Every structure is written in structure tokens, then in C-alpha cells.
Amino acid sequence: MENKKQLFETSLRKTNKKEKIFINQSKLFNWLDEASSKPDIKQFKEEIWKLKDAVEKEDTGIILSQPNGVEIKLDIFKKDLLQMLESNTLERGKYYAKRMKKQFSEVKTSKVNDINLRRWKDYEDIYTDSLWVIKQRSKEGSHLGWYWGNFIPQIPYQLIRRYTKKGELVVDPFVGSGTTLIECQRLGRHGLGVDLNIETVEKAQKQLELEGNGFQVKNKIVVGDSINFDFEKSINEMGFKAIDLLIMHPPYHDIISFSEDNRDLSNAETTEKFFEMFGKVVDKTIPLLKKGRYLGVVIGDKYSQGEWIPLGFYCMQEIMNRGLLLKSIVVKNFEETKGKRNQKALWRYRALAGGFYIFKHEYILIFRKS
Ligand SMILES: C[S@@+](CC[C@H](N)C(=O)[O-])C[C@H]1O[C@@H](n2cnc3c(N)ncnc32)[C@H](O)[C@@H]1O
């Protein structure tokens with residue numbers, strides 16, 4: 001038995017994590033019922049071993065060749081079987097068998113997303129830690145990454161998956177190159193994006209068209225000043241009364257200048273003016289956010305005259321002052337901006353000489369409207 005177990009564990013390690021199979025649900029249930037009806041744990045395990053063998057051999061009695069069955073991740077399924085095989089008592093084995101049946105027959109979701117909590121182990125791609133170390137920008141989708149100051153698609157992807165259901169509405173008042181809306185389109189969410197910069201908006205619209213619209217969602221990117229923009233009118237025109245998720249990625253004050261327009265937050269004369277302008281965008285949008293729903297703000301800090309200016313924390317305070325509940329402060333790594341990439345040594349010298357640390361992180365602040 002021990003040898004058999006070791007072999008199984010080895011095959012588990014070899015299993016390609018992404019491998020999916022389609023299981024015949026009624027056959028699986030019969031198998032689990034049959035095992036559970038056995039008089040002792042030894043016979044229970046024999047039945048589970050047979051099931052595991054059948055799955056591994058892709059026996060057509062249990063695996064369907066086409067996506068007619070229930071999609072499962074093979075490595076997770078095998079781990080669950082291993083748990084049954086490691087049970088010391090029949091009672092425990094039957095408990096795991098019953099739990100497996102629940103995973104396949106019941107759907108339990110929260111009010112804010114489509115994550116099936118009965119199969120929570122399947123969602124390996126969804127982050128739950130507050131530290132996001134992302135090595136590379138995702139290459140999926142029609143994102144070009146051309147816009148200096150854009151964010152990586154993984155950020156809106158994570159927020160959209162965590163805080164919306166299919167068919168809901170996401171609004172981004174600083175949409176830039178359209179990263180949020182491309183992700184909306186890919187994930188079947190409607191989206192409204194606003195940006196001051198005409199050229200950027202035109203390019204973003206083109207990229208969005210290239211993405212295709214498999215879910216037939218309504219997506220709109222418009223040129224506008226989010227401080228004065230009529231978000232209510234725009235979402236009403238799209239057929240909505242309220243917003244399900246707000247994503248904001250404002251300029252990090254003046255560290256990148258996005259235009260010469262004085263309505264642009266990157267042209268705010270002082271940091272105080274920057275917070276005031278940011279606060280106005282919050283005031284324009286928050287009243288339209290549904291109660292119990294989320295706002296994600298992506299922001300980094302800046303240096304000015306030898307001093308670290310915690311833009312992120314000040315913006316966080318602006319939002320908390322408006323009664324939203326802080327749910328998480330996520331710290332995300334970032335690599336050198338294009339400007340600093342060729343000046344690594346110089347920045348290291350400056351840091352050593354100047355008593356500061358080089359920025360390597362930004363924040364994703366998560367709030368809930370109660
Ligand atoms: C950090 S970028 C957002 C990038 C975006 N997340 C992307 O992936 O491309 C900030 C954007 O805010 C826009 N912006 C600045 N002030 C604005 C305002 N008052 N109204 C609307 N957009 C504004 C800038 O034009 C810029 O595109």
C-alpha cells in the first residue's frame with residue numbers, strides 16, 4: 001500500500017497543473033456511493049483506488065472525451081482522492097467522498113463575484129495575498145503595453161474576477177490605453193472608461209475592437225475630464241443605473257506628465273491640489289457605486305526635494321474620509337520605469353548617498369462601500 005501511495009504521489013507531482021479533464025458526473029457519484037457503502041475502510045480505499053486508476057487511464061466509463069462532463073483540474077482531483085486514500089477511518093473517507101459530491105453538485109457564490117466557493121481550490125489564478133509579485137505582464141489579449149504609465153492587465157483581471165459577476169458594470173475614470181476595458185471584454189463584463197487624452201482614447205478604442213467581443217458586452221471609452229464628467233448620464237445611456245466596480249489608476253501626481261491640459265491630475269500645481277482633484281473624481285463616481293461593492297485604486301508614491309511623498313496613503317485617506325471601508329492594502333512590485341532602466345547604477349548611488357530606498361512597489365487599495 002505504501003509503495004502504491006508513493007507511486008501515486010510521484011504521478012501527482014508529474015501532473016501538469018493546467019491539465020483539465022471532463023468527468024462523467026453521474027458515474028463519479030455512483031463510484032463514490034459504491035465506496036461509501038462498503039463495510040470497512042480497506043474496501044472503501046480499494047474502490048477509490050479503482051476510481052483513481054480509471055481516471056489515470058482515461059477510462060471512457062468515467063472520463064468524457066468531449067467537454068460534455070464537468071471540467072476539473074486533474075491535479076486537484078487527484079489530491080482529493082489522495083486525501084480519501086489517507087483516511088484512517090471509514091467515517092473520514094465517507095466525509096471526503098460526500099464533500100467531493102458537493103463540489104460537483106452545488107454552486108455557492110458570494111454576492112460580488114462568480115467564484116464557486118464549493119470548488120475554491122480550482123481558482124489557483126486568483127490572488128488572496130496582500131503581496132503581489134508579478135514578474136511579467138500578461139501576454140494574453142490585445143493589450144499592447146504601449147502607453148507609458150499603463151498598468152499590467154493582471155491588475156484589472158484580479159479585481160474584475162474578485163469583485164464582479166459576469167454581465168456587471170465596471171467604470172474606470174482614468175482609463176488610459178484601455179487595459180481595464182480590454183479585460184472587461186475578455187471576462188464578459190460591461191465597461192465605461194473615461195480619459196482626458198484624445199489620442200490615447202482613439203488608440204484604446206482600436207485595441208478594444210481588435211479584442212473581439214465574444215460575450216457581447218457593452219463597452220464605451222470616452223474623452224472627458226473625470227472631475228466634471230457626467231458618469232450617471234453615460235451609464236444610463238448604456239442601460240445601467242449604478243456601478244458594480246470602480247477601478248482608478250490616476251497619475252502618480254507629476255511623475256509622468258500625460259498632457260498639457262490643466263485639468264489633467266498630472267499637472268496639478270501642488271500635491272494638495274492633486275489630492276483635491278482626485279477627491280473630486282471620487283465624489284463624482286462613489287455615489288453611483290452600489291452599496292456593498294468595491295473600489296480599487298492603483299497608485300504609487302513619489303519623491304520631491306529629498307522627501308518621500310506617500311501619495312498612496314493620502315489618497316487612501318481621501319477615500320476613507322468619504323466613508324468607504326478599507327478592505328486591503330495590496331503591495332505590488334514594479335520593475336524600473338523605462339526612464340530609470342538605464343540608470344540603475346546611478347539610482348543605487350543616489351539611494352546610498354541620500355539615505356532613501358528606490359521605489360520598487362506600488363499599491364492597490366481596496367475599499368468597499370457600505
Ligand atoms: C496612470 S494613467 C492610467 C493608465 C491606464 N490604467 C492604462 O492601463 O493605460 C492615468 C490616466 O489618467 C488620465 N487623466 C489625468 N487627469 C484626468 C482627468 N481629469 N480626467 C480623465 N482622465 C485623466 C491621463 O490622461 C492618463 O491616461
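This is a predicted model: local features need pLDDT of at least 70, side-chain atom pairs count only at pLDDT 80 or more; totals for chains, interfaces and linings use all residues.
**Exercise 1. Describe the overall layout of the protein chain.**

Solution. Begin with the elements: the protein chain has 13 helices and 12 strands. Next, take the extent of the C-alpha trace, which spans about 80 × 55 × 40 Å along its principal axes. The domain assignment gives domain 1 (2–106) and domain 2 (131–368), and the C-alpha centres of the two lie 44 Å apart. Of the 370 residues in the chain, 30% are buried. Last, consider contacts between residues at least 6 apart in sequence: 71% of them join residues at least 24 apart.

**Exercise 2. Find the buried side of helix α2 and state what covers it**.

Solution. Helix α2 covers residues 25–36 and reaches 16 Å from its first C-alpha to its last, close to the 16 Å expected. Its buried residues are Leu28, Trp31, Leu32 and Ala35. They cover an arc of only 95° around the axis, which puts them on the same side of α2. The spacing follows a general rule: an α-helix has 3.6 residues a turn, so residues three or four places apart point the same way. The cover over the buried residues of α2 includes β1 (20–23), α3 (41–56) and α5 (90–105).

**Exercise 3. Is leucine 82 buried, partly exposed or exposed?**

Solution. Leucine 82 is found in helix α4 (residues 74–85). A residue needs 20 or more C-beta neighbours within 10 Å to be buried, and 12 or fewer to be exposed. Leucine 82 has 16 inside 10 Å, so it counts as partly exposed. Its C-alpha atom is separated by 9.0 Å from that of isoleucine 48, 34 residues apart along the chain.

**Exercise 4. Sort the residues of helix α8 into a buried side and an exposed face**.

Solution. First check the length: the 14 residues of α8 (residues 198–211) should span 20 Å, and the end C-alpha atoms are 20 Å apart, which agrees. Thr200, Val201, Ala204, Gln207 and Leu208 are buried in α8. Their arc around the axis is only 125°, which puts them on the same side of α8. These buried residues pack against α7 (179–187), β5 (190–195) and β6 (219–223). The face turned away from the buried side carries the exposed residues Ile198, Glu199, Glu202, Lys206, Glu209 and Leu210. After α8 comes glycine 212, with a positive phi near 80°.

Key: Residues are numbered from 1 along each chain as its sequence is written. Domain bounds come from an automatic or database domain assignment. Helices (H or I, at least four residues) and strands (E, at least two) are DSSP runs, numbered from the N terminus. The expected span of a helix is 1.5 Å times one less than its number of residues. The arc is that of the directions from the helix axis to the C-beta atoms. Two residues are in contact if their C-beta atoms, placed from the backbone, lie within 7 Å.
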